[in-house]
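Dear colleague,

Here is the structure I said I would hand over. Please have a look at it first, and then read my notes below.

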Amino acid sequence: MMPRYRAISLAALLVPALLLASLMLGDRHVDLAALIKGEATAEVRTIVMDLRLPRALMALLAGMALGIAGTIAQAVMRNPLAEPGILGINAGAAFAGSIVIVGFTGLSVTVLPWAGFVGATTMAAAVFLLSWRKGTSSARIVLIGIGLGAFASAGTSVMIAFADIADVQRLMIWLAGSIYDANWDKICLLLAWLIVPITLVCLFYRQIDLIRFGDDVAASLGQRVNLVRAGMILLCTAISGATVTVAGLIGFVGLIAPHLARRMVGPGHARLLPASALVGGLLLMAADLVGRTIIAPVQLPAGIVTALIGAPFLAYLLWGRRHVPA
Amino acid sequence: MFRHDNAATPGLVLKNLTLAYDNATIVQGLDLSIPQGAFTVLLGRNGSGKSTVLKACVGLLRPKSGTVLLDDRPLSQFGVRERARRIALLPQGPVAPEGLSVLDLIRQGRYPHRPLLARWSPLDDEACDEALELTRMVDLRDRPLENLSGGQRQRAWIAMALAQQTDILLLDEPTTFLDLAHQAEVMDLITTLVDRGKKTVVAVLHDINQAARHANHIVMFKAGKLVSQGAPNDVMKRETIRNVFDIDPEIIHDQKTNAKFILV
C-alpha cells in the first residue's frame with residue numbers, strides 16, 4: 001500500500017517544481033530570485049507574469065481537465081483504451097473550429113472556443129442519440145463515436161484541402177494543440193467552464209465506481225444506469241469540449257493520465273479522480289515545457305509532444321494486456 | 001427448516017408473465033409463487049427462459065404482459081433503490097474492474113442503502129462485516145479479486161449481494177465453471193443463508209442432482225413454459241425429466257438422504 005501513496009505524494013511535489021522550471025527556462029533564462037526581490041526589469045516581469053506563468057497554469061489546468069475527462073470515459077465505457085476523443089468530441093470541436101477559421105475569416109478569434117464547444121456538444125449528443133436503442137450500451141457508443149469522429153475528421157480534411165493557405169496554416173496550428181497563446185483571460189474562461197462539471201463529477205464519484213461493474217450488476221443494485229451514463233457523458237463532454245476549444249486538440253493525456261494514476265492510488269474514484277487530474281496536469285505542463293525548449297527557438301505544440309510520448313505508451317499498454325481476452 | 005406444506009404468504013409472485021427481447025418471446029404466461037424462506041432452484045435446458053425470469057424479478061427486463069408482485073404490490077411501483085433493498089441479483093459471470101479488493105467489491109452492495117451524497121456509515125460497515133463472515137471471506141478481505149480462486153471469487157460476489165441486506169437473493173448459475181469442491185462450497189453457503197439467515201434464495205442451476213440434494217423447491221422450465229414444480233422428490237420423475245431435458249435417466253432413491261437422484 002505505501003509505495004502507492006509515495007508515488008502520488010511525489011507527483012504532488014512535482015507540480016510546484018515543474019511550475020518553477022516553466023517560469024525559469026526558455027529562450028531567456030530568468031533569475032527567479034531577482035524577480036522576487038523586485039530587482040528584475042519590466043521586460044523580465046512581462047515574460048514571467050504575462051507569458052510563462054499563464055502558459056504553465058493553462059497547461060496544468062487543461063491537463064487536469066483531460067485527466068478527469070479520461071477517467072470518466074474509461075469508467076463509463078468500461079474500456080481501458082477509451083478517452084474523450086472516442087466520443088467524437090475532439091473531432092466535432094475541430095470540425096466546428098475549422099468551419100469558423102476557414103469559412104468566416106472575418107469573425108473574431110473569440111468565437112473559436114464557442115464554436116468548438118458547440119461542435120463538441122453536438123457530436124456527443126449525436127453519438128448518444130444514435131446509439132440509443134431502449135437504453136445505451138458501451139460498445140455501441142464506442143463504435144458510433146469512432147464512426148462519427150471519422151466523419152467529422154473527413155470534413156476537416158476537406159476544409160484543409162480547399163481553403164486559403166493562410167487560413168489552413170492558422171487552422172493547423174490550432175488543431176495541433178498548443179497552449180502558446182495562453183493568457184489570463186483564457187485561463188479564467190476555462191476555469192469558469194470547468195468548475196461546475198468537475199464539482200458534479202467529484203460529488204457523484206460513487207456512481208462512476210458502480211457503473212464500471214456492468215449494466216446488470218449496477219442496475220440490480222438500484223442504479224439508473226442509462227441516466228448515469230448520459231449524465232457522465234455530458235459532463236465528460238463539457239470538460240473536454242471546453243478544454244479542446246481553449247487549449248486546442250491535445251491527445252493522449254486523457255488516455256494515459258488515468259492509467260498512471262490507477263497504478264498510484266488504485267481503482268476507487270474517490271482517489272482516482274484527483275490523482276488523474278494531478279497526473280494529467282503534470283504531463284501537459286511537462287509536454288509544453290519540453291515542446292518550447294527542446295528545439296528552441298522553434299516551438300513544438302504541446303499536442304505533438306503528448307502524441308510523441310503517448311503513442312509508444314499506447315503500444316506498451318496493449319502489449320501489457322496482450323494476455324487479457326478482449 | 002423449511003417445510004413445503006406450510007409456505008407462508010408468498011413475497012415474490014409472478015402473474016401471467018410474458019417476457020420478450022424485442023420480438024422474440026422467451027417466457028409465456030408464467031404463473032409462479034416463490035416460497036419464502038426457502039431455496040428454490042430453476043431448472044431447464046439452455047434458452048428455456050430461467051435467467052430471463054430472474055432478470056424480470058429485479059426489473060432489469062420489463063414484462064411484455066403480466067406482473068411481478070412483491071408483497072402483493074407490483075414491482076414497477078417500487079423505486080429502483082427501494083427494490084434493490086428487497087431483492088438482490090447476482091448475474092451470470094459478472095466481471096469486476098481490475099485491481100479491486102474483496103472489500104471494495106462488497107462495499108458496492110451498500111449502494112441502495114446510501115442516500116445519494118451520504119457518507120459511509122457504521123451500519124454499512126456492519127453489513128459488510130456480516131457478509132464477510134457469512135461467506136468466510138474475512139481473511140481475504142484485502143486481497144485483489146484477480147488473486148482469488150474461482151470459488152473464492154464467487155463467494156466474494158455473493159458477499160456483495162449479501163451486503164445489500166435483502167430478504168430475497170437471486171443467483172444466476174452460481175456454480176457454473178466451478179470445480180466440484182467449489183460448487184459444494186457455494187451450495188453449503190446457500191443452505192446456511194436459507195436455514196440460518198431466513199433468506200429466500202432462488203438459483204438457476206444446471207446440475208439436476210445438485211438441485212435435488214439441496215433445494216426445497218424445484219421449478220422446471222421448457223421452452224419458456226413452466227412444466228413442473230414442487231418438492232424435489234415430487235418433481236424428480238423419470239417422465240418429467242425426460243420431457244424437460246430430452247434425456248432418459250434412471251431415478252435412484254437414496255435412502256440415506258431420502259433424496260432422488262438421476263443417473264444418465
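In these notes an axis is a line fitted to C-alpha atoms, for helices over the stretch in contact, and an angle between axes runs from 0 to 180 degrees between N-to-C directions. Helices (H or I, at least four residues) and strands (E, at least two) are DSSP runs, numbered from the N terminus. This is a predicted model, in which local features need pLDDT of at least 70 and side-chain atom pairs count only at pLDDT 80 or more, while totals for chains, interfaces and linings use all residues. Residues are numbered from 1 along each chain as its sequence is written, and chains are lettered from A and ligands numbered from 1 in the order in which they are written.

Helix packing in chain B

Helix α4 (residues 122–134) of chain B packs with α5(B) at an angle of about 140°, their axes being 8 Å apart. The two helices are therefore oblique to each other, given that angles under 35 degrees count as roughly parallel, over 145 as roughly antiparallel, 65 to 115 as roughly perpendicular and the rest as oblique. Their crossing is right-handed; a crossing is left-handed if the near helix is turned anticlockwise from the far one by less than a right angle, and right-handed if clockwise. From α4(B), B:Ala127, B:Cys128, B:Ala131, B:Leu132 and B:Leu134 meet B:Ala159, B:Leu162 and B:Ala163 of α5(B), where two residues are in contact if their C-beta atoms, placed from the backbone, lie within 7 Å. By class, this contact has 8 nonpolar, no polar and no charged residues (Ala, Val, Leu, Ile, Met, Phe, Trp, Tyr, Cys and Pro count as nonpolar, Asp, Glu, Lys and Arg as charged, and the others, Gly among them, as polar).

In α6(B), the buried residues (20 or more other C-beta atoms within 10 Å of their own; exposed means 12 or fewer, and partly exposed in between, with C-beta atoms placed from the backbone) are B:Gln183, B:Glu185, B:Val186, B:Met187, B:Leu189, B:Ile190 and B:Val194. Their cover includes β3 (39–44), α5 (150–163), β8 (200–204) and α7 (208–214) of chain B.

Helix packing in chain A

The axes of helix α4 (residues 89–103) and helix α6 (residues 138–162) of chain A come within 8 Å and cross at roughly 20°, which makes α4(A) roughly parallel to α6(A). The crossing is left-handed, and the contact of α4(A) with α6(A) has 6 nonpolar, 6 polar and no charged residues.

Helix α12 (residues 253–265) and helix α13 (residues 269–293) of chain A pack at an angle of about 125°, with their axes 8 Å apart, and this makes α12(A) oblique to α13(A). Here α12(A) passes α13(A) in a right-handed crossing, and the residues of the contact divide into 13 nonpolar, 2 polar and 2 charged.

A:Asp167 is found in helix α7 (residues 165–176) of chain A and, with 16 C-beta neighbours inside 10 Å, counts as partly exposed.

Where the chains meet

The contact takes 22 residues from chain B and 17 residues from chain A. On the side of chain B that touches chain A, α2 (80–84), β6 (87–90) and α3 (102–108) each supply at least two residues, and α2(B) gives the most, with 4 residues. That side of chain B divides into 15 nonpolar, 3 polar and 4 charged residues.

With best wishes
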